[in-house]
Amino acid sequence: MKIVFNKRNIEESVHILRMCQEVLARFDIRFDIDRIQSKARKPDLVFVRALISVYLRKRGMSLPDIGFVLGERTHSTIINLLDYGDKDKISVAYKTFYHG
């Protein structure tokens, strides 16, 4: 399912993150939307942001739109998160998350 994100508004960002929450909850990965959109860089938050980035990117969302959803981050930050998503630790989680 492709995600279309035409308007850059907070309500739509929260809606998209709630959808991600529901999907990730099936794999016992829980997160708070406010923490995901915060500027904090703790490893557990980076891991979840990377999962969300890969999930949204695979569904056709642009890098700037993913950045906006994740707290007004730049497209280069999202590229780094997607690169992080290629590492072994997150690849296993992503395969379970995306294909499970």
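The largest nonpolar core in this predicted model holds 28 residues, and F31, I36, V48, I52, L56 and L70 have the most contacts inside it. Here a nonpolar core means buried Ala, Val, Leu, Ile, Met, Phe, Trp, Tyr and Cys residues joined through side-chain atoms within 4.5 Å; buried is under 20% relative accessible area, exposed over 50% and partly exposed in between, with a 1.4 Å probe and protein chains only.

Helix 3 gives the most to the core, with nine residues.

Now to how two of these helices meet. I16, L17, M19, C20, V23 and L24 of helix 1 touch V48, L51, I52, Y55 and L56 of helix 3, counting heavy atoms within 4.5 Å as contact. The axes of the pair, lines fitted to C-alpha atoms over the stretch in contact with angles from 0 to 180 degrees between N-to-C directions, come within 11 Å and cross at roughly 105°. Helix 1 and helix 3 are therefore roughly perpendicular, a label for 65 to 115 degrees.

The whole structure has one salt bridge: R30 and D28 pair at 3.7 Å, N to O, where the cut-off is a Lys or Arg side-chain nitrogen within 4 Å of an Asp or Glu carboxyl oxygen. Both R30 and D28 are exposed.

Residues are numbered from 1 along each chain as its sequence is written, and side-chain values use heavy atoms, leaving out hydrogens and water. As this is a predicted model, local features need pLDDT of at least 70 and side-chain atom pairs count only at pLDDT 80 or more, while totals for chains, interfaces and linings use all residues.

Key. Helix = DSSP H or I, 4+ residues; strand = E, 2+ residues; numbered from the N terminus. Parallel < 35°, antiparallel > 145°, perpendicular 65-115°, else oblique.
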